[in-house]
Every structure is written in C-alpha cells, then in structure tokens.
Amino acid sequence: MRVLKMTAGRWMALGVMAAAGAVAGGAAAQADYPSKAVRIIAPFPAGSGPDANAREIAAELTKILGQTFFVENRPGASNIIGTEVAAKAPADGYSLYIGTTSSLSVVPHLYSKLPFNAEKDFAPVSLLGVLNTGLIATPGVEAKDARALIAALKARPDSVAVATAGIGSYSHLSAVWFNNAAGVKTNLVPYNSTSPYTDLIAGQVQAMFDGLPAAAGSIRAGRLKLLAITGNKRHPSFPDVPTFAEAGLPDYAPIAWQGILAPAGTPKPILEKLSAAMRKACQSEELAKKWREYGGELRCDTPAEFAAFIHADRQMWGRVIRQANIKLD
C-alpha cells in the first residue's frame, strides 16, 4: 500500500482552501437570501393588534423579497415564551421576531431571572412603528382634557377609577408614570385576563392609559373620549386632542413600539437586506394610513438606529419601574 505524505505547508494550504470555500459558500447563501420561507415569531396571540401588524408586514416582505414570510404565534407568560423561542432560534435569517415595548423594554426590568437576555440575544433589524399613548375616558368624566383631570384629582384623590391590564402591564405602568409625573393619585383597577373596554364604555371605570388601536373606533363614535395623547405635537388623526405636554407634563412620554429583530449572530448582510426591505415596505401609504388612524406612525429605520431606539426606551422604562418599585418575581 502506498502511503501519501504531506508537508505541513501542504496541509496548511488545504486548510486555507477549505476555509475559503466555506466563506465563499456562506457569502453565496447570504447573497441568495432568502431562498426559503421565513418565520416571524410573535410572542402574542393570533388576532391581537400586534399580530395583525406582524401579518401585514410579513405580506409586504413577501412581495418585496420574493419568499414567503409568515407569522408563528408563541404567546404566554408576559411575552416571555415567544421571546425565548426567538432568542434561541438559529441565527440564519430564517427566524425573525417581532418585539414590542413590553417584551424588550419593560419585562426585563420586572423579572430578575429570564430565559433570555434582551440586550444580548437579539440583533435589531428595523423599527416597524410607534403607537402614541392616550388618556382615554368615559364620556361621564367631566374633565375635558388632562389638565382639568389633574386639577380634579388633586382636589379629590382616588376619585377616578383607572383600568389596567394588570400589574406590570403597559397600561398599568403608563398610569403609574402619570400619577407620579402629575403628583396625583388614581384608583388603579387591574383586569388581568379580561379586556376593560366594555366596563370603560359602560362607565364602571372612568379612564385608562393605552395605545389607541382598541379604542379609536369608540372614540370616533363618541362612546369614549380622548383627553390627551403623547407625542411632541398633536396627532394628525386627533388634531383637537392636546398633548400631555400641553397639560404640563412634558416628560410624560410612554409610546408602544413594535419592530423586527433577529437572533444575535445573524450575518450583517442579511440584517441590512431585511432592513432595506422594511424601509421599502414603510413606503406603503396603505400601511401608513392604518397606523395613523390608530394614533401611531409607521416608521422603519436602520439596524443601528433601531438599536439606539430600544436602548433609550429600555432605560426610560427602567427608571419608571424602579421609581414605582415594581417587581413580579
């Protein structure tokens, strides 16, 4: 039998060639991306507002990139279940994640132990949009705006029952932030697993702090009224509604955002290709109109811009939660 002998130099050359081949193969795969269907993991239930937004952007990405983008719902445990699934998914661009204020800015401050690291386990792709928060009230509330409601609460603390979706929820934290910023006290009523809007319309509770998708129709129909809205200026869909800044609360600024992320380690060219597709999708006037109707704004950006946005938002909510001394474990 003939034994082939190779010098160290020849072995090194073969290793370099193999490595070069692997790099070339990886580059080709990234250039061809996406070559198969892409799932967007959603940590909330099918039929919810964020789910609808996820499906709309998935349809746009399907048209732009020529492969199917579909939503996979993994709800439960304050968005923790779906977020963990997304954090541990392969970093190949075929598993994405739609993150929210709650899942990546709020939850990390409420729990000391989580099965994921919100800062390190995700690579931002692009913001999708922001939803301004409104002070929504039943028509029976005499105050015509937030300034008048603040004055009434200072005269009679605890005289207004404010519905929340449970301790640590976006609506609860927004209400706590308002109380602290305005120096007032409201009666916070947690609803947990049920929606408070039926009771709000019936007048059994008087107000709620929330994004406007669930309330916009009732506000326009006169079943509810909007006393104030967050934002640097009045929203074009609610031009007669003053901002919280006009009510004397310039630093009160909760907004509910949604955006697309990928598992950490996803190749940069794929992130950039997805981000470019998101920015193209955001040129859709149909989508932009829907977000405006809900008191929000369709807004896509670069990975770096989205990363900076999440960091600032997470710090902001951290201050609110620490001040209120809220922990859920």
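A cavity, as I use the word here, is a set of grid points where a 1.4 Å probe fits but cannot get out, and its lining residues have an atom within 4 Å of a point. I kept in mind throughout that this is a predicted model.

**Entry 1: the cavity**

I searched the whole structure and found 1 cavity of 30 Å³ or more. I noted about 30 Å³ of space in the largest cavity. Next I listed its lining: Asn53, Glu56, Ile57, Leu128, Leu287, Trp291 and Leu298. Sorted by class, I get 5 nonpolar residues, 1 polar and 1 charged in that lining.

Which helix gives the largest share of the lining? I found that α2 does, with 3 residues. Both α2 and α10 (285-293) supply at least two lining residues each.

**Entry 2: α2 against α9**

I see the axes of α2 (residues 49-65) and α9 (residues 268-281) come within 9 Å and cross at roughly 110°. Angles of 65 to 115 degrees count as roughly perpendicular, so I put α2 and α9 down as roughly perpendicular to each other. I logged the crossing of α2 past α9 as right-handed.

Which residues make the contact? From α2 I wrote down Ile57, Glu60, Leu61, Ile64 and Leu65, and from α9 Lys273, Leu274, Ala277, Met278, Lys280 and Ala281. By class, I have 8 nonpolar and 3 charged residues in this contact, and no polar ones.

**Entry 3: a cross-check**

I went back over both lists for Ile57 of α2. Ile57 is in the contact with α9, and Ile57 also lines the largest cavity.

Note on methods. Residues are numbered from 1 along each chain as its sequence is written. This is a predicted model: local features need pLDDT of at least 70, side-chain atom pairs count only at pLDDT 80 or more; totals for chains, interfaces and linings use all residues. Side-chain values use heavy atoms; hydrogens and water are left out. Axes are lines fitted to C-alpha atoms, for helices over the stretch in contact, and angles run from 0 to 180 degrees between N-to-C directions. Helices (H or I, at least four residues) and strands (E, at least two) are DSSP runs, numbered from the N terminus. Angles under 35 degrees count as roughly parallel, over 145 as roughly antiparallel, 65 to 115 as roughly perpendicular and the rest as oblique. A crossing is left-handed if the near helix is turned anticlockwise from the far one by less than a right angle, and right-handed if clockwise. Contact means heavy atoms within 4.5 Å. Ala, Val, Leu, Ile, Met, Phe, Trp, Tyr, Cys and Pro count as nonpolar, Asp, Glu, Lys and Arg as charged, and the others, Gly among them, as polar. On a 1 Å grid over the protein atoms alone, a cavity is a set of points where a 1.4 Å probe fits but cannot get out, and a pocket is an open set with protein on both sides within 12 Å along at least five of seven lines; lining residues have an atom within 4 Å of a point. Grid points are joined across faces, edges and corners, and a volume is the space filled by probe spheres set on the points.
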